[in-house]
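Here is a short report for a first look. Keep the sequence and the model side by side as you read.

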Amino acid sequence: MPNTPPQIGRLGALWLRLHSLRVVIALTVVVGVLLASFFSYLEQTSDLREQHIVQIRTEMDHLSTLTALALREPLWQFEAEQANSIMEAAFINPDVVSIAIWDDKGSPFATRTRDTVDANLVERVTRVVERNKTLVGKLELQMSTAGYVRKVNEVRMQYVRQGLEISFGALLVILLIMHWRLVRPLEYLVEASGRLEKGQLDVPIKRVFRDEVGALADSLEATRLALIDLITQLESRNLELTDANEHLEQRVTERTESLERTLGTLERAQEEIIQTEKLASLGRVVAGVAHELNTPLGNALTVASTIQAEVEEMKAEFGAGKLRRSSLTAFFDRAEEGMALSMSNLQRAAHLISDFKQVAVDQTSDQRREFDLAEVTSEILNMLQPSMRMSGCEVHKDLCGGLVCDSFPGRYGQVLTNLVMNASIHAFEPGKTGRISVSIAAVDVDTVELVVADNGVGMSDAVRSRIFDPFFTTRMGRGGTGLGMNIVHGIATRVLGGQVTVDSAPDEGTRVRVVFPRVAANIEGPMV
């Protein structure tokens, strides 16, 4: 703050003094006394003029009567000098303005006049002068009523003097009492408040009198004690924080190491769960493939054993020399038919094993390669066909050819397997059949989509909102692990680099759409 001139500083101090409590109380007392004196003065002077006029008129009647009696002889004898003496005696009264005397013929006999300030303040009276009931003249007397002004001034000065005396006495007494009972205790409290503001809490605050100011002193003392307690607590907390800060780095390091170990454990557990689920899915496929291979291999084995038995019969007939041309021709026909049936069953088994081998290699190796999306999808659906027949579900395929991808066919196969198996388990009530449709198509030049839909029971909004949560399943304990859709979401978003959307409503089936780029992004770290 810039330095202020000393004159401004003194004016500021004077302004504060003028706004002090003592000045306000003193001015209040003075104004109150003056107002009381003023109202009393107005009350006393309100009827003063009327009273004075009545008094002047009474004096004027009395004086005019006496003067008329005294002028009988001078008018009768025409003694003007004696009349002037009588008028001079009447003018002793300071309120007399003029006296005029006329004789019996109306001619002026004697006149005496005094200067007056205001003619409106003059009262007049006329008297006839008689001697033995004979008119000898006439008298006119004028008196001024301005004397009430002097009385008003006297009363005003009296009230001003009394007001000043009362104000001075009251101020003296009130200021002494106020200084003793109010100003001095308040100055003490101001000093105590200043010490509290500066943080000087070692001096107790004691009350001077048991009044409102004393209650304020008690409040400040309670504030002082509370501040002391608060400062003590803050110092204790500061010591604790200082100690905590000294060991914070060590604790952070230990906690970081613990979190890293926990994170590593969680990642390993997650990878193990995914591998377990992947192997379990592959195991279900193996069971279906094994069951599917049983029929063609059994047929081929039956045909081979039948042909073997007929070969033994033909050898026996040939050795005995009983072989006939018709028998040999019939044997060749049966052998050709059996070999054709065996080849058909063995080709079917070989094709199934070839598809299973490629799917198994892809799902266990996590190898990135170029592949035709329709071929890989068809191979996976072929592997799932036995499981679908066992569950009573019919799979419809709509596969767009020529969609070459550079990605992870094993992880894509895991997504497709989980979606189809999840639909067969959850979409239909036990004992009821349904339809599952699988389609692939190009979204644009760089993106493809996989859509797996069913005509099953559908899902509510509450179930659909939690479908990707880990370990969430509506068939817990009945073949559901709660990991299938969570794994689908993780692979589709973090490995394939795409996104998954689910549309479903109760009794309206479910439609899962997976959109992902043809060329997967480079992935660092474990694939989940």
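## Helix α12

In this predicted model, α12 has these buried residues: Gly484, Met485, Ile487, Val488, Gly490, Ile491, Ala492 and Val495. Just past the end of α12 comes Gly497, with a positive phi of about 75°.

How far apart are the end C-alpha atoms of α12? They lie 16 Å apart.

## The largest nonpolar core

The largest nonpolar core holds 43 residues. Leu373, Leu416, Leu419, Leu450 and Val514 touch the most other members. Helices α9 (373–391), α10 (409–426) and α12 (484–495) each supply at least two residues of this core. So do the strands β6 (393–399), β8 (434–442), β9 (447–454), β10 (499–504) and β11 (510–517).

## A separate core

Another core lies apart from the largest one. This other core has 22 residues, including Ala68, Leu75, Ile99 and Val136.

## Cysteines

How many disulfides does a search of the whole structure find? The search finds 0.

Is Cys405 buried or exposed? Its relative accessibility is 1%, so Cys405 counts as buried. The cut-off for buried is under 20%. Cys400 has a relative accessible area of 35%, so Cys400 is partly exposed.

How values were computed:
Residues numbered from 1 in each chain as written. Predicted model: local features only at pLDDT ≥ 70, side-chain atom pairs only at ≥ 80, totals over all residues. Heavy atoms only, no water. Core = buried A, V, L, I, M, F, W, Y, C linked by side-chain atoms within 4.5 Å. Buried < 20%, exposed > 50% of the residue type's maximum accessible area, 1.4 Å probe, protein only. Helix = DSSP H or I, 4+ residues; strand = E, 2+ residues; numbered from the N terminus. Disulfide = S-S within 2.5 Å. Expected span 1.5 Å × (residues − 1).
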